[in-house]
Amino acid sequence: MAQEIERKFLVKDGSYHQSAFSSSRIRQGYICSARGRTVRVRIRDEKGYLTIKGPSNAAGTSRYEWEKELPLAEAEELMSLCEPGRIDKTRYLVRFGSHIWEVDEFYGENQGLVVAEVELTEEAESVSLPAFVGEEVTGQVKYYNSFLMKEPYSTWK
């Protein structure tokens, strides 16, 4: 089984823009967004993807993930099957230390939220934090994209 291991942080400033070596626009929806099992359709620039994720471990750092690339037309068709709500964001890739950080800048009802994730090869792996990284939110369900689709950042109290 493919295991995704990652940590997630809030971003405290826009300095990641200067360090980014790549960016892409991402639109995504969920065919299933049940806690512990999600089926996501993603369009990243001009490519489509179907992703299935399982439940997170107790720490929220690790979970099963399976992903397949789809033709763009098929991904667009599958978007019409998705639950209400969409995620719209730009993802910036930033190399820092021995890791590549993914910084997601959200739009629409999630405007103002910026999070950074770093994928790890094992849960205990140490990672250097770039200056733009703030509070760690790993495992906090409200920062999962599948939750943000239902309860957008703009509605939080």
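Modeller: Let's start with what a pocket is: an open set of grid points with protein on both sides within 12 Å along at least five of seven lines. This is a predicted model, and its second largest pocket holds about 250 Å³ of space.

Biologist: Which residues lie nearest the centre of the second largest pocket?

Modeller: Arg35, Gly36, Ser56, Val141 and Tyr144, out of 19 lining residues. That lining divides into six nonpolar, nine polar and four charged residues.

Biologist: And how much space lies in the largest pocket?

Modeller: About 370 Å³. It has 23 lining residues, and the closest to its centre are Glu4, Arg40, Arg42, Lys53 and Glu65. Its lining has 16 charged residues, beside four nonpolar and three polar. Strand E3 gives the largest share, four residues.

Biologist: Arg40 sits in strand E3. Why does Arg40 count as buried?

Modeller: Buried means under 20% relative accessible area. Arg40 has 5% relative accessibility, so Arg40 counts as buried.

Biologist: What makes the Arg40 and Glu67 side chains a polar contact?

Modeller: The cut-off is an N or O pair within 3.5 Å, with one atom able to donate a hydrogen and the other to accept it. The two side chains are paired at 3.2 Å, and the contact counts as polar. Leaving aside neighbours within four places in sequence, Arg40 is also in contact with residues including Tyr30, Tyr49 and Lys53.

Note on methods: Residues are numbered from 1 along each chain as its sequence is written. This is a predicted model: local features need pLDDT of at least 70, side-chain atom pairs count only at pLDDT 80 or more; totals for chains, interfaces and linings use all residues. Side-chain values use heavy atoms; hydrogens and water are left out. Helices (H or I, at least four residues) and strands (E, at least two) are DSSP runs, numbered from the N terminus. Buried means under 20% relative accessible area, exposed over 50%, partly exposed in between (1.4 Å probe, protein chains only). Contact means heavy atoms within 4.5 Å. On a 1 Å grid over the protein atoms alone, a cavity is a set of points where a 1.4 Å probe fits but cannot get out, and a pocket is an open set with protein on both sides within 12 Å along at least five of seven lines; lining residues have an atom within 4 Å of a point. Grid points are joined across faces, edges and corners, and a volume is the space filled by probe spheres set on the points. Ala, Val, Leu, Ile, Met, Phe, Trp, Tyr, Cys and Pro count as nonpolar, Asp, Glu, Lys and Arg as charged, and the others, Gly among them, as polar.
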